[in-house]
Amino acid sequence: MQSAIDGYNVCIFAYGQTGAGKTFTMYGSDELPGIAPRAMEEMYNLIEENKGTMEVNIKCYMVELYNDGLIDLLKDKKEKEKELTIAQDAKGIVFVKNCTVRTASDLEELKKWNKVGDSQRHVASTAMNATSSRSHLVFSILIEAKIKATGNMSVGKLTLVDLAGSERAGKTGATGERLKEGQAINQSLSALGNVINALSTGEKHVPYRSNKLTRLLQDGLGGNAKTLMFVNVSPSEYNAEETVNSLQYAARVKLITNDAAKAVESEEIQRLKDEIKKRDAAISKLKSGESVEDFD
């Protein structure tokens, strides 16, 4: 959590077959909180400890990837649907255009937005899991920190991912819409596997753009990211083959070496960027025939 506050991209996710306990690992219960609520609490504890030396602003967004389509889980229900597209800013941080971004002034507000989004996620029953996640859930927390003594700004990102599980139609008994969902899940997980393979073997080309899932997680998997993956496996002999596959996947992930770097700007660079934004806004107004206030 300290790394995210310091300006690094941090990604935490759980991987494994359907019904192996990924959602419980990431979110847990009221009695046994999972990784996500623990991470959020630790983040705000660190912010409180450092409040004398830095100012921190927290924003968040949550999307799900369902049947290869992105859904904004934090938008107002009355608001019209907008097309969501995945992009990267100049620092290489992935963001979702037109996605609702909420401000979280404290831990309770951040937990509230997380709960609001999670409650709208696609879930259904299969023969392998009574509450099977039918989508990949991505909760991104954007952390802007300013060092009071120097004015330096850092922008970190904590991405908490609850992946839908790989599944076999023969075991899940999926038909119709459930079968279609399972196919989309498997296709995206296959693309994620290809990215992991490319990163672990040091290939020059990493196929992030082959799927929306890998595009969403691009800044959390390779390059300057700090990544933590949990692998969930089933204790049942019935699922032995899937367990072996998951463990082999984990072994490949361990071969990946990232060169993590902070996203930090000096106060002067930040001031110049703000000035450019003001001038661009003024030029736009002038072009549209509006008057603008004088500025130096």
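Predicted model: local features only at pLDDT ≥ 70, side-chain atom pairs only at ≥ 80, totals over all residues.
Buried here means under 20% relative accessible area, with exposed being over 50% and partly exposed in between, using a 1.4 Å probe and protein chains only.

Residues are numbered from 1 along each chain as its sequence is written, and side-chain values use heavy atoms, leaving out hydrogens and water.

Now the overall picture. The protein has 10 helices and 12 strands; these are DSSP runs numbered from the N terminus, with helices being H or I of at least four residues and strands E of at least two. Of its 296 residues, 44% count as buried. Among contacts with a separation of 6 or more, 68% join residues 24 or more positions apart, where contact means heavy atoms within 4.5 Å.

On to the inside. In soluble globular proteins, nonpolar side chains tend to be buried together. A nonpolar core, as used here, is a set of buried Ala, Val, Leu, Ile, Met, Phe, Trp, Tyr and Cys residues joined through side-chain atoms within 4.5 Å. The largest has 34 residues, and Phe13, Leu70 and Leu163 have the most contacts inside it. Elements giving two or more residues to this core include β1 (9-16), β2 (54-66) and our friend α9 (240-253). The largest share, 7 residues, comes from α6. There is also a second, separate core of 32 residues, which includes Ile5, Tyr44, Met62 and Leu158.

Which residues does Leu70 touch? Leaving aside residues up to four places away in sequence, Leu70 touches Val63, Glu64, Leu65, Leu84, Ile86, Val96, Lys212 and Leu216.

Next, Leu74, in the loop between β3 (69-72) and β4 (85-88). Is Leu74 buried or exposed? Leu74 is buried, at a relative accessible area of 1%. Not counting residues up to four places away in sequence, its contacts include Cys60, Tyr61, Met62 and Trp113.

On a 1 Å grid over the protein atoms alone, a cavity is a set of points where a 1.4 Å probe fits but cannot get out, and a pocket is an open set with protein on both sides within 12 Å along at least five of seven lines; lining residues have an atom within 4 Å of a point. The second largest pocket has a volume of about 420 Å³, and Tyr27, Asp30, Pro37, Lys111 and Asn114 lie nearest its centre among 14 lining residues. Its largest lining share, 5 residues, comes from α4. The largest cavity has a volume of about 60 Å³, and α6 gives the largest share of its lining, 4 residues. Volume means the space filled by probe spheres set on the points, with grid points joined across faces, edges and corners.
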